Amino acid sequence: MLDKLERLEKEFQEIEGQLADSAVIADQALYTKLSRRYKALSKAAALSKGWREAEGSLKEAKEVLASDDSEMRELASEQKDEAEKELASLEAEAKLELLPK
């Protein structure tokens with residue numbers, strides 16, 4: 001699922017670059033087509049970015065949980081729980097977003 005989101009995010013970024021091209025701006029039909037696709041991909045791109053951030057946060061929390069500092073472990077435990085909840089939420093949203101329209 002993350003692979004699909006990453007592919008959509010890459011396409012989103014490519015279209016973003018194309019929309020800034022003066023040749024595309026001059027071709028109103030192409031510009032309109034790309035703008036619609038850009039808008040359609042925006043949520044998938046945001047989900048992909050959020051997923052990477054949540055995974056990074058989870059990885060960081062797990063590393064801190066392995067440390068000797070009990071205060072830091074407590075904070076890391078909270079961070080881990082939040083990251084896991086965020087990933088579950090993002091997964092549910094991604095499943096809906098990736099359904100054929």
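Residues are classed here by relative accessible area, with buried meaning under 20%, exposed over 50% and partly exposed in between, for a 1.4 Å probe and protein chains only. By this scheme Glu-91 is partly exposed, at 33% relative accessibility. The structure is a predicted model, in which local features need pLDDT of at least 70 and side-chain atom pairs count only at pLDDT 80 or more, whereas totals for chains, interfaces and linings use all residues. Residues are numbered from 1 along each chain as its sequence is written, and side-chain values use heavy atoms, with hydrogens and water left out.

The packing of the helices was examined through their axes. Helices (H or I, at least four residues) and strands (E, at least two) are DSSP runs numbered from the N terminus. Axes are lines fitted to C-alpha atoms, for helices over the stretch in contact, and angles run from 0 to 180 degrees between N-to-C directions. Helix α1 comprises residues 2-19, and its axis comes within 7 Å of that of α3, the two crossing at roughly 135 degrees. This angle makes α1 oblique to α3, given that angles under 35 degrees count as roughly parallel, over 145 as roughly antiparallel, 65 to 115 as roughly perpendicular and the rest as oblique. The crossing of α1 and α3 is left-handed, a term applied if the near helix is turned anticlockwise from the far one by less than a right angle, with right-handed used if the turn is clockwise. The contact of α1 with α3 contains 14 nonpolar, 4 polar and 8 charged residues. In this division Ala, Val, Leu, Ile, Met, Phe, Trp, Tyr, Cys and Pro count as nonpolar, Asp, Glu, Lys and Arg as charged, and the others, Gly among them, as polar.

The axes of α3 and α4 are 8 Å apart, and these helices pack at an angle of about 155 degrees. They are therefore roughly antiparallel to each other. The crossing of α3 and α4 is likewise left-handed. Its contact residues divide into 15 nonpolar, 4 polar and 11 charged.

The interior was described in terms of nonpolar cores, each a set of buried Ala, Val, Leu, Ile, Met, Phe, Trp, Tyr and Cys residues joined through side-chain atoms within 4.5 Å. The largest such core has 19 residues, of which Leu-5 and Trp-51 touch the most other members. At least two residues of this core come from each of α1, α3 and α4. The greatest contribution is that of α3, which gives 8 residues.

The structure contains 5 salt bridges. One of them joins Glu-93 to Lys-43, with the closest N and O atoms 3.9 Å apart. Because Glu-93 lies in helix α4 (residues 70-97) and Lys-43 in helix α3 (residues 28-65), this pair ties together parts that are 50 residues apart in sequence. Both partners are partly exposed, Glu-93 at 32% relative accessibility and Lys-43 at 41%.

Lys-80 pairs with Glu-84, the closest N and O atoms being 3.1 Å apart. These two residues are 4 residues apart in helix α4, a separation of about one helical turn. Lys-80 has a relative accessibility of 23% and is partly exposed, as is Glu-84, with a relative accessible area of 34%. Glu-91 and Lys-95 also meet through their side chains in a salt bridge, at 3.8 Å from N to O. They too are 4 residues apart in helix α4 and separated by about one helical turn. Lys-95 counts as partly exposed at 48% relative accessibility.

Lys-80 and Val-64 are 16 residues apart in sequence and 9.8 Å apart in space, C-alpha to C-alpha. Glu-78 is also located in helix α4 and is partly exposed, with a relative accessible area of 43%. A distance of 27 Å separates the C-alpha atoms of Glu-78 and Ala-45, which are 33 residues apart along the chain. Leu-98 belongs to the segment after α4 and is partly exposed, with a relative accessible area of 24%. The C-alpha atoms of Leu-98 and Ala-44 are 7.9 Å from each other, although these residues are 54 residues apart along the chain.

Notes: A salt bridge is a side-chain nitrogen of Lys or Arg within 4 Å of a carboxyl oxygen of Asp or Glu.
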